[in-house]
Amino acid sequence: IEAADGSPRDLTYADLGRRSAQLAHLLAARGIDPSAGEQRVGLAIERSLELIVAVFATLRAGATFVPLDVSYPEDRLRFMAEDADLSLILTQPAFASRISQAVSVATLAIDSEWTVLDAQPDHLEDELPARQQAAYMIYTSGSTGRPKGVVNTHGALANRLAWMQRRYPLEVGDRVLQKTPISFDVSVWELVWPFMTGAGLVMARPGGHQEPAYLAEILDRQEISTVHFVPSMLRAFLAEPNADQPCRQLRQVIASGEALPTELVDRFFERFDSERVALDNLYGPTEAAIDVTWHRCSTDEQGSVPIGAPIDNLALHVVTPFLQIAPRGASGELLIGGAGLARGYHGRPGLTAERFVPDAWSPEPGARLYRTGDLARWQATGELDFLGRLDFQIKLHGVRIELGEIEAVLEEYPGVDAVAVTAEDGERLVAYVVADEDLPEIRALRKHLQSRLPETMMPSEFIALDALPLSPNGKIDRRALAEAGGVRIEHRVPYEAPRTELEEELATLFAEILGREKIGIHDPFFELGGNSLNVTQLLSRVRQSYRIELSLSSFFEGPNVARLALGIEAAQRAAASLRRERSNEAGREVGAL
C-alpha cells in the first residue's frame, strides 16, 4: 500500500491471514454470529491495509461487507446504514467521529498499528460459505431518490473470479494495481483475485486513482502487470506524456464501467504495443457479480467496440418488449441469467420481482433473469453490441446514475416546481429547473444536492426554464430540453480580473477547460460546470506547464484561479528552497574534501 504521505507499507500473506483471523474473532465478540442469520458489516475505510484486512475478516466471520464511501454526505451514509440494517461499522480513527455522528450503528476503529487486534487469537478455522450466502452488498443509484442495495453471493463471485483467473491467469510474480473506490464492484476483484494465486496486490494511495501522472509513475515503479481503467480515466491517463514509458511489466489493461469508444482504443494502441499489452472491454451491471461479458480489443476495431461474449456459466438473451427472443442482429433488451446473477435488492421485494424475472429458457427450477434495461444486439461473431438505454439510467465517468434520483432531490428545494436532468456530450450532467418565482442561486442548489448526493452525481450546469417541454402524450420531451431556450443559472460572484501574469495564464486555462469566454480569479470552478475529470485535466496541464505537483485535495480546498496561483507560487518557492539547500550541502561536502 502507498500511504497518503507516499510511504510504503507491506503486508505478507501470513500477516493477512493472522490479522484477518484476529479481526474476525473481534467481530464475533461484537456479536457477528453466522448462526444468527445473515449479518452485514459496513466498511467506512479508505484505501489501506486496514481495508484488505476488513474485507477478508468480514467474510471469514460469515458476514456480508457493505462499502460506505467516507466521502459521501452524512445523509446518504445514514440512509445506507439504516437501510442495510448494519450490525457494525468498521472504520479508521480518522473517520470514527464523523461516522459515529452520521449513523446510529456501533463502530469499531482499526488503527494502523493493529493494537486493537493484538489481544485476539490469530488462528481461525474457516468454513466454506453456501453459494447463495451474501458476500457483499453495494448501493447503486435509485430512480425514486433512494439508493438501493444489490446483494451479490459467494457463488456468483466465485464464478466470476474463476473465469477471470482462467482468462487472465495470474502467477506469483504478477502484481495487480488496486485503485477503484470500494463503493464500485470492480474493487472486489481487485482486492480478492490476486490472493487466489499468490500474486501481489499494490494499492494506490488514497485519491491516487484520479491522478494520471501518479498512475503512470506507479505502474512503472511497482512493476504492475494488470490494471483497470474506466474509459474516461483511461483517456486522461493516455493524455499524460509518459503514460507508456516505460511500464515494463504491464501486459493487461481492462476497461469497463462505461462505453469504450473506438477512437480511444486506437489511441491506446498508438501508445502501447499490441503484441505486449492487451486491452479488453468488459461489461456488467451491479446486479451481477461484476462483469458478464468480455471482448479482446484489436488494432482495427470497426464501428463501436463490442461488449463481447458471455463469461463462463452465464446466459445472455436479447429480447423483444414481449420478452421473446429477438432475431439475430435485431436490437432488444439484454437479459442476464446464470451463475453470476445477484440475489436481488435488499429489503425491496417488489423491485426485485420487477427486475429479476423467471427464466423460461433455463431447466433449473427457480432460475431467474435480470432485466438490464440495456439495449443490445448479437453480432454474427457471437458477441454483443451495446446500443444504449431503454430508460433514464446512465453511466458517467464509470458511475451508474439514475437521473430520477437527482431530480427527486432537486424537486425538494423550496420554490422548484419541476426538474429534468440529462447527460450531455457523454461528459456532464445538466439540470433543467422550473422555479415558481425568483431563480435560486447555483450555490444554494449545489449545497442542497451535496447534502444528499455524492459529487459524482452533481450537475455541471443548471438551466432555468419557464416550463419543461412535453411530448404529445404529456411526458417530458428530454430531446427538446437543449433547444428550449433556457437561461443558465450563474454563480453570483463579482467578476475580478487577473492581477498577475500567472493568474492570467490560469484564467485562460480555466476558460479553455470549462468552455467559458472569461473567468474571474474568484469564480468557483465547480459552480462554473467543473467536475472531477476536469480537475484531473487541469492539474495535469499545471504539472506540464509549471513542473510542480499539486494534489487533488489541495485544489478542492480553494477551487479558483486566485487560490491555485497561490498554491503554485508556494510550491515553486519550496522547490527553489530545496534546490538551494541541496546546492549548499554539495558545496559543504566539496569544501570538506
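Helix 1 (residues 13-29) packs against helix 2 (residues 49-60) at an angle of about 55 degrees, and their axes lie 8 Å apart. Helix 1 is therefore oblique to helix 2, since angles under 35 degrees count as roughly parallel, over 145 as roughly antiparallel, 65 to 115 as roughly perpendicular and the rest as oblique. The model is predicted: local features need pLDDT of at least 70, side-chain atom pairs count only at pLDDT 80 or more, and totals for chains, interfaces and linings use all residues. Residues are numbered from 1 along each chain as its sequence is written, and side-chain values use heavy atoms, with hydrogens and water left out.

Helices (H or I, at least four residues) are DSSP runs numbered from the N terminus. Axes are lines fitted to C-alpha atoms, for helices over the stretch in contact, with angles from 0 to 180 degrees between N-to-C directions.

The crossing of helix 1 and helix 2 is right-handed, the near helix being turned clockwise from the far one by less than a right angle. On the helix 1 side, L16, G17, R19, S20, A21, L23, A24 and L27 meet I52, V53, A54, F56, A57, T58 and R60 of helix 2, where contact means heavy atoms within 4.5 Å. By class, this contact of helix 1 with helix 2 comprises ten nonpolar, three polar and two charged residues. In this classification, Ala, Val, Leu, Ile, Met, Phe, Trp, Tyr, Cys and Pro are nonpolar, Asp, Glu, Lys and Arg are charged, and the others, Gly among them, are polar.

Two further helix pairs can be described in the same terms. Helix 13 (residues 501-514) and helix 14 (residues 532-546) pack at about 145 degrees with axes 11 Å apart, and their crossing is right-handed. L502, E505, L506, L509, F510, E512, I513 and L514 of helix 13 meet N534, Q537, L538, R541, V542 and Y546 of helix 14; this contact has nine nonpolar, two polar and three charged residues.

The axes of helix 7 (212-221) and helix 8 (residues 231-238) come within 8 Å and cross at roughly 80 degrees, which means that helix 7 is roughly perpendicular to helix 8. P212, L215, A216 and L219 of helix 7 form the contact with M233, A236 and F237 of helix 8.

On a 1 Å grid over the protein atoms alone, a cavity is a set of points where a 1.4 Å probe fits but cannot get out, a pocket is an open set with protein on both sides within 12 Å along at least five of seven lines, and lining residues have an atom within 4 Å of a point. Grid points are joined across faces, edges and corners, and a volume is the space filled by probe spheres set on the points.

| Space | Volume |
|---|---|
| Second largest pocket | about 810 Å³ |
| Largest cavity | about 70 Å³ |
| Second largest cavity | about 40 Å³ |

The second largest pocket is lined by 28 residues, of which L59, R60, E127, P129 and H154 are the closest to its centre. Helix 1, helix 2 and helix 5 (154-167) each give two or more residues to this lining, and helix 5 gives the most, with six. The lining of the second largest pocket divides into 17 nonpolar, five polar and six charged residues.

The structure holds two cavities of 30 Å³ or more. Among the residues lining the largest cavity are Q210, E211, Y214, T536 and R543; helix 7 and helix 14 each give two or more residues to it. The second largest cavity is lined by P67, D69, Y72, M80, I138, Y139 and S183.
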